[in-house]
Amino acid sequence: MSDLKVVILAAGKGKRMKSKLPKVLHPVCGLPMVQYVLDAAREVSPEKPLVVVGYKGEEVTGVLGEQAEYFWQTEQLGTGHAVKIACSGLGSFNGDLLVLYGDTPLVTAATLRQLIARHRQEKAAVTLLSTEVEDPGGYGRVLRDGDGRVIGIVEDDQATPEEKAITEVNTGIYCFRYSDLNEALPELRADNAQGEYYLTDVVALLQEKGRKIEAVKAGDSWEILGPNDRKALAETERLMRQRILMHWMDEGVTFIDPTTTYVDPRVKLGADTTVYPGTHLYGETVVGEGCHLGPYTQITGSRIGNNCRVFFSVLDTVEVGDDVNIGPFANLRPGTVVEARAKVGDFVELKNSRIGMGSKVPHLSYIGDSQIGSGVNIGAGTITCNYDGKNKHATIIKDGAFIGSNTSLVAPVTIGENALVGAGSTITKDVPGRALAIARAHQVVKENWRKQEEEKD
Ligand code: UD1
Ligand code: CA
């Protein structure tokens, strides 16, 4: 559809949000609202959408970057005014213009395609997307004549009591024949309570000119309306989350309790993975097949292999191979790689470290800036002392080494292949391969010590 261009309005402040953040940047399931609109737009048109920015526009362009072409509306004089500004960049364009509002994240490409198809089939001047809601307060109402033909949209603040009772509302999504829109835009007047140029008035202007107005009623009701306040934002979040979980259930993922499971839209999950209650999967996390995640686990921006188990744990920007066991109560921080068949147990913190194939860090350890080979066993309570107060230093533990419990490894230090470190050691010097290192005070035993004391009394 190259004779189609998309305009997204994103210049408004969103007063009712009572926020320093422009409304379109408020996150829904971890992504800014306007990003969803952009994603849907990309599916119906290969060209970059024209995004109108204004209020804190640098923040919006900063977030969207190269994905769009930008137009600046320095004063927010209304949706009609915003579209006019975008049109200044369209020259002699001769196709259709899809107008979307940046605050309607639940809109789908399928709905947009349906709207465009109807518009073209009916050869309409404008086709708008409407929907029926129980409580239409705040929305523009769709006006129809006795024969059911759309004749205009009246905004809430302009509506008569009879018009306020209309439950069919405007979603803010329209497909215009560009030449008709361009003809009507200069005729818009800001003669309303807000003193704004309402895009919605274009509908009545075109109707007066005898042009064809069409409407598609979206079945999925209020799911495509834009949240204007935090209550509606929470509801939008709930609906989006439900949609994401439904998608993955269709792909073969089990959610034991969808009401307490949070999955961001960019996350990918393999079939036969089971997600337990209280689990949060954020960012661009990718999970393989047959995994068991949770309960009570948060994974951000990480890659997890197949058949892994992660429970009661936090993972941030880590890479995990196949058949790995993590938890309970493990904290894996950025830069950590856990290779296949490794085990990370309870109260273990890992940071910027590699745990080699089949190696085990089963309990109570801090491993930072370390490279651990394969088949290594790290005893309970082992700590890498990686920080000297100024700099971080590396610890290297080679294949097959065995670190006794309660060992402090003072970095930089290297433990050779198959070396053995005695429990309770404080290791400050490198240990060669196959060697035994013990670095602790000798045990002193004084025979009959208590007996002598008793005799003194
Ligand atoms: C708008 C519609 C209303 C519809 C509702 C659906 C108008 C006049 N009204 O009302 O009929 O039922 O959406 O959600 O269009 N924006 C700009 N520049 C401006 C003003 C707004 O870019 O000068 C952008 C905003 O950033 C936002 C969108 O346009 O993304 C809609 O603006 P908003 O103020 O939320 O309009 P509503 O009052 O919700
Ligand atoms: Ca709105």
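Reader: In this predicted model, which residue of S4 is the bridge partner of isoleucine 8?

Author: Strand S1 (residues 4–10) and S4 pair in the parallel sense, over four bridges. Isoleucine 8 is placed in that pairing by its bridge to S4, where the partner is valine 51.

Reader: Are the side chains on the two faces of S4 buried or exposed?

Author: Strand S4 spans residues 50–53, with Leu50 and Val52 on one side and Val51 and Val53 on the other. Val51 is also the bridge partner of isoleucine 8. Both faces are covered, and these four residues are all buried.

Reader: Which protein residues are the donors of the calcium ion (ligand 2)?

Author: The donor atoms are an OD atom of an aspartate and OD1 of an asparagine, lying 2.6 Å from the ion. The donors are Asp103 and Asn228.

Reader: How many residues apart in sequence are the parts that this pair ties together?

Author: Aspartate 103 lies in the loop between S6 and helix H4 (109–121). Asparagine 228 lies in the loop between strand S11 (213–217) and helix H8 (230–250). The pair therefore ties together parts whose separation in sequence, in residues, is 125.

Reader: How far is a polar side-chain atom of aspartate 103 from an oxygen atom of ligand 1?

Author: Around ligand 1 there are 25 residues, of which Gln73, Gly78, Tyr101, Glu155 and Asn170 come nearest. Glutamine 73 has a side-chain N or O atom 2.7 Å from a nitrogen atom of the ligand. Tyrosine 101 places a polar side-chain atom 2.6 Å from a ligand oxygen. For aspartate 103, which is also a donor of the calcium ion, the distance to an oxygen of ligand 1 is 3.3 Å.

Reader: Why is strand S7 described as largely enclosed, and how many of its residues are buried?

Author: S7 covers residues 126–132, and one of its members, threonine 127, has a relative accessible area of 0%. S7 is largely enclosed by the rest of the structure because the number of its seven residues that are buried is six.

Reader: Which residue in S11 stands opposite threonine 127?

Author: The side chain of threonine 127 makes a polar contact of 2.8 Å with that of histidine 119. S7, the strand that holds threonine 127, pairs with S11 in the parallel sense over five bridges. In S11, the residue opposite threonine 127 is glutamate 214.

Reader: Which residue in S10 is the bridge partner of leucine 128?

Author: S7 also pairs with strand S10 (residues 168–177). These two strands run antiparallel, and seven bridges join them. Within S10, leucine 128 has as its partner tyrosine 174.

Reader: Which residue's side chain makes a polar contact with the side chain of glutamate 168?

Author: Glutamate 168 is in strand S10, and at 5% relative accessibility it counts as buried, because the cut-off is under 20%. The contact joins two side chains at 2.5 Å, and the partner of glutamate 168 is serine 130.

Reader: Does serine 92 count as buried or exposed?

Author: Serine 92 is found in the loop between helix H3 (79–87) and strand S6 (96–101). Its C-alpha atom is 8.9 Å from that of serine 179, which is 87 residues away along the chain. With a cut-off of over 50%, a relative accessibility of 71% means that serine 92 counts as exposed.

Reader: Which strands are the edge strands of the nine-strand open sheet?

Author: The order of the sheet is S14-S17-S20-S23-S26-S28-S30-S33-S36, with parallel pairing. Inside that order, three bridges join strand S23 (residues 318–320) to strand S26 (residues 336–338), and valine 320 has valine 338 as its bridge partner. The edge strands each pair on one side only, and they are S14 (268–269) and S36 (413–415).

Reader: Where in the protein chain is confidence lowest?

Author: The chain averages a pLDDT of 96, and 99% of the residues score at least 70. Confidence is highest in strand S17 (residues 286–287), at 99. The lowest confidence, at a mean of 82, is in helix H9 (residues 449–456).

Methods:
Residues are numbered from 1 along each chain as its sequence is written. Chains are lettered from A and ligands numbered from 1 in the order in which they are written. This is a predicted model: local features need pLDDT of at least 70, side-chain atom pairs count only at pLDDT 80 or more; totals for chains, interfaces and linings use all residues. Side-chain values use heavy atoms; hydrogens and water are left out. Buried means under 20% relative accessible area, exposed over 50%, partly exposed in between (1.4 Å probe, protein chains only). Two strands pair if DSSP finds at least two bridges between them. Donors are N, O and S atoms within 2.8 Å of the metal (3.2 Å for Na, K and Ca); water is not among the atoms, so sites may look incomplete. pLDDT is the predictor's confidence in each residue, from 0 to 100. A residue is near a molecule or strand if one of its heavy atoms lies within 4 Å of it. A polar contact is a pair of N or O atoms within 3.5 Å; within protein, one must be able to donate a hydrogen and the other to accept it, and residues adjacent in sequence count only if both atoms are side-chain atoms.
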